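Please look through the structure shown here before reading on. The report that follows takes up one chain as a whole, then some of its parts, and then the other chain.

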Amino acid sequence: MGDRENNEKRQYRILFLRGLRGLRGERSLGLGMAETLKILTRNVGKPNSTDIDVYMHAGGYGPLMTALHKMSPEQVLGEVKASNLKGRGGALFPAGLKWSFLPKGKGTLKYLVCNADESEPGTFKDRLLIENDPHAILEGLILAGWATQSAGCFFYIRGEMPVGARIFQKAVDQAYDRHFLGKSVLGSGWDFDVWVSRGAGAYICGEETALMNSLEGKRGEPRLKPPFPAGCGVYGVPSNINNVETYANVPLILKNGAEWYNKIGTPSSPGPRLFGVSGHVKRPGIYELPGGVTLRELIYEHAGGILGDRPLKAVIPGGSSVPVLRKDQIDIAMDPDGLKTVGSMLGSAGVIVMNDTVCMVKALLNLMQFYAHESCGQCTPCREGTHWFKLILQRLEEGGGQDEDCGLLLDIAENVLGRTICPLGDAAAMPVQSFVTQFMDEFDEHARFGRCPLRQTRMTTVI
Amino acid sequence: MPLIRIDEKEIEVAQGETILRAALSNGIYIPYYCYHPALSIVGQCRMCLVDVKGAPKPLTACSTAVTSLPPDKKIQGKYDMVVDTKNATVKKAQRGILEFLLLNHPLDCPICDQAGECQLQEYAYTYGSGQSRFEFEKVHAPKRVGIGPHVVFDVERCIKCTRCIRFCNEISKTSELTLVERGVHTRVDTFPGRALDNPYSICTVDVCPVGALTSREFRFKERVWFLSSANSVCPECSRGCSVRFDTYKGEVLRLVPRENPKINGLWMCDYGRLLSERLKTLDLAARPRIRDEKGWAAYLWEEFAPRLVAKTAAFTGSPSKDLGIVISARMTLEEMVAFKRLSAALLGGNEGWVLNVTQGEDDGLLIRKEGRPNLKGAELLDIPAAPENALVSGLLAGKKAALIVREDVVGDAEGPEKDALRELLSGMDLVIVADYAFTETAALAHLYIPLAGWQEMEGITVNFLGVAQKTARAVAPPKQRRPFYEAVSLWLRAAGHEAPEPTFLAWHALAKEAVPALKDKAIRDFLPHGIQLEVTRP
């Protein structure tokens, strides 16, 4: 018995390390496994992939040169709009439409912001791109800058990613040397700068307006909307903010055309997508697949199935903030339409897999500890609600649960949902609602027995 | 203008007006904490959530602006917005927010100094659920933090509405406060190395809707429901802020600003507010006094007035070069009129100087450099003002007798001027001092007339903008301590002259005659915001 356990543990450790290697791109994605795409991740795993020469050798900055010399900003914007590229930060707002909200023309000062504050639990796709292919992001930024005629871009990177910040800064320096940035980019007469800023370690600064406050040196608190960033953004200037992966898609669209782009994936999620799979799977990592791949395929074929060949219990399909799915709900397409049918969302496409050893109360408690810690404290429902969630779940898990706890959790979630300034309140309330309703029996059991029924079998803590 | 419907009421509001303002100005009450009419909108307490037709979730009334819809999209054919402030969704939202606010708020109203004027307490009764479902230890935080010389902060009671922070950023422009930490541990704090120390710091106590910020001077002095209040005017500079004197058993416990858009908005300075503390330190006399070889002796007015007349008999008739008169712009309009009457009847028509005492510069918000409230009133009555900060020893030089009303010229002077004044006054044959307190100057007098203090009498005062306001009797003085106009009535009568009744109304009628702009104004016209007089601005 003891030997078997030890063996299992060793196996997990090895798999865990392998997953990390996958993250760093050292493992060739797709080798000996189900086929993945190599579009966004085309340079991942190449030797010296962060160098500008390597990037240009593979055709990089070609779309930029074409766009700057042969296309008007309107044409670039039109192409991105036609591609129906959707924001990859989680909200899936059409990027081209968002760009078109900015005031037109050269006359007004505008800024771009690149949201590299990737901190959603279960999501680690941007880090892969930043650390392996920074020039693709940078090229996308410059193209977006040209399309919107912006004066510059703030690249706000999570403070916990010092390596990424260093790599991206180096990429920016190289781009300045080659005149892709700076005064009169490639002789077009249009100036564009990129500034790299590091965050100070707050989940909330991934929210667009909190990010802007943080960037300005203020407390990272979301702003009241309206005004929206397109009217009054960073430093009070009209701004456009997108996720790293969104910008990284832009050169591809310009290079291959909107039609090509639309052919990949489904109408509600066109283009290639980076799915981050973590938790109890044999091969955790980033998988580039067309939008619309089924969740079952993602878990069982790409990620190698459930760790320890145990039964699946639950999946969070799009980063910790989206409603959780039961094991019988995984035969759906991983796009907004597909996930809607089971009441969840695609979010940032960070898939967290849990096998039958996971206690759902403990898992939710883990999430709520995170949200209670990360609530900025500005508005009442989120500040107090997340804390209350945490306390109730803690009590439930420790055996002090009461019969009415489930009802109470749902009622608090209702009072938080849609009552807050920014989506953090919703992000905390939605998992509570879904965990409790999907796994009501388990929650009730905790309260009824006065203990966690999975206490003995629990192997690892996920998330 | 967009037409909106809030509950059952149709309201026409200006484009861009918020729902909350529109509702409040039309008699529909929506509860709120972080909204404050003079501060920026942050929408973070979420108390003012209302149900707007067509919106997927409740919206904050404080930050949602009314916009007009195109004609074909109007709701029910005519409305640009339909708002419900009382339906089940809103009630649930309000109950939910209140429950959240009370989660970590101590439920010890009986020992909280804010009880009775606490918005949290009021809303908990009106909109709350009446019981808590929270069964855990509350988050504890420091109590009694002295964050400034006049403000004490109870961190546990704070509901993070950030009104105080916004006040310091936007009104006093001193920016001492900020939020620190996050989540439930979020708290208001001063920036490192700073204190909440600005000339308006106690205004943060006013804007605080709960008992988190309390004034060091007033906290735990008295339960607010025992206080008597009088709407009056601050006497400490020529701004003349509209204030309310809160008193208990004849003692002024605090001054709080009254809203007056013409003068002070919603604020007042700490110096004016702390008048209540300075009043406590004064040496007061309850009766008129006369000094002879044996020292001071107190008299009733009936005995005092004839002696006063006898002493001043020499100055009746024609103007005398020997008599110097210093009066103060701390006197109300009625008192100044009384002085003029007195001067004409008994002091040979001698004119007095109104001192113009200034200090520093105007601060651009409220505080004025002129330290006296009623300079404009003196101007209206053609009483000459002394040059700015003129030396009183200069004004009184060479005089053998002096009448000094409501100015502690010796006490206020410093250095050589003080010595000079002492010498000058000690050498005079007759010095009459009339003042609220028994001051250093009074100690050098031969006759002392105790006057009712600013808080003890009624009168009209005109501020530097020409707004005439009425002071009120917040506390009753002892019988023998009277306003100067009443003293003049008694003085005149003792001298056998005809005089108005020793009452405010009698002298107010004379003041109205003297100032044409006040002629057809009734007392009630002075409230709440005063009367703007046609005064030519310099």
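## Chain B as a whole

Of the 538 residues of chain B, 50% count as buried, a residue being buried if 20 or more other C-beta atoms lie within 10 Å of its own, exposed if 12 or fewer, and partly exposed in between, with C-beta atoms placed from the backbone. The C-alpha trace of chain B spans about 85 × 55 × 40 Å along its principal axes, and the chain has 16 helices and 24 strands. Helices (H or I, at least four residues) and strands (E, at least two) are DSSP runs numbered from the N terminus. Among the contacts in chain B with a separation of 6 or more, 66% are between residues 24 or more positions apart; two residues are in contact if their C-beta atoms, placed from the backbone, lie within 7 Å.

This is a predicted model, in which local features need pLDDT of at least 70 and side-chain atom pairs count only at pLDDT 80 or more, while totals for chains, interfaces and linings use all residues. Residues are numbered from 1 along each chain as its sequence is written, and chains are lettered from A and ligands numbered from 1 in the order in which they are written.

Helix H4 (residues 163-171) of chain B has seven of its nine residues buried, so it is largely enclosed by the rest of the structure. Those buried residues are Arg163(B), Cys164(B), Ile165(B), Arg166(B), Phe167(B), Cys168(B) and Ile171(B), and what covers them includes strand E8 (177-180), strand E9 (187-190), helix H5 (203-207) and E10 of chain B. After H4(B) comes Lys173(B), whose phi is positive, near 55°.

In helix H8 (residues 301-312) of chain B, the buried residues are Trp301(B), Phe304(B), Ala305(B), Leu308(B) and Thr312(B). Seen down the axis of H8(B), they fall within an arc of 100°, so they line one face of the helix; the arc is that of the directions from the helix axis to the C-beta atoms. These residues pack against helix H9 (333-346), strand E21 (447-450) and helix H15 (484-494) of chain B, whereas Glu302(B) and Ala310(B), on the other side of H8(B), are exposed.

## A sheet in chain B

An open sheet of three strands in chain B has the order E6-E7-E10, with antiparallel pairing, where two strands pair if DSSP finds at least two bridges between them. Strand E6 (145-146) and strand E10 (213-215) of chain B are at the edges with a single partner strand each, so one side of each is left without a neighbour in the sheet. Strand E7 (residues 151-153) of chain B is joined to E10(B) by three bridges, and Val151(B) has Ser215(B) as its bridge partner in E10(B).

## A sheet in chain A

In chain A, four strands form an open sheet in the order E3-E2-E1-E4, and the pairing is parallel. Its edge strands are strand E3 (193-198) and strand E4 (239-243) of chain A, each of which pairs on one side only. Strand E1 (residues 111-116) of chain A is joined to E4(A) by five bridges, and the bridge partner of Tyr111(A) in E4(A) is Ser239(A).

## Where the chains meet

The contact between the chains takes 25 residues from chain B and 23 residues from chain A. On the side of chain B that touches chain A, helix H2 (residues 88-103) of chain B gives the most, with six residues.
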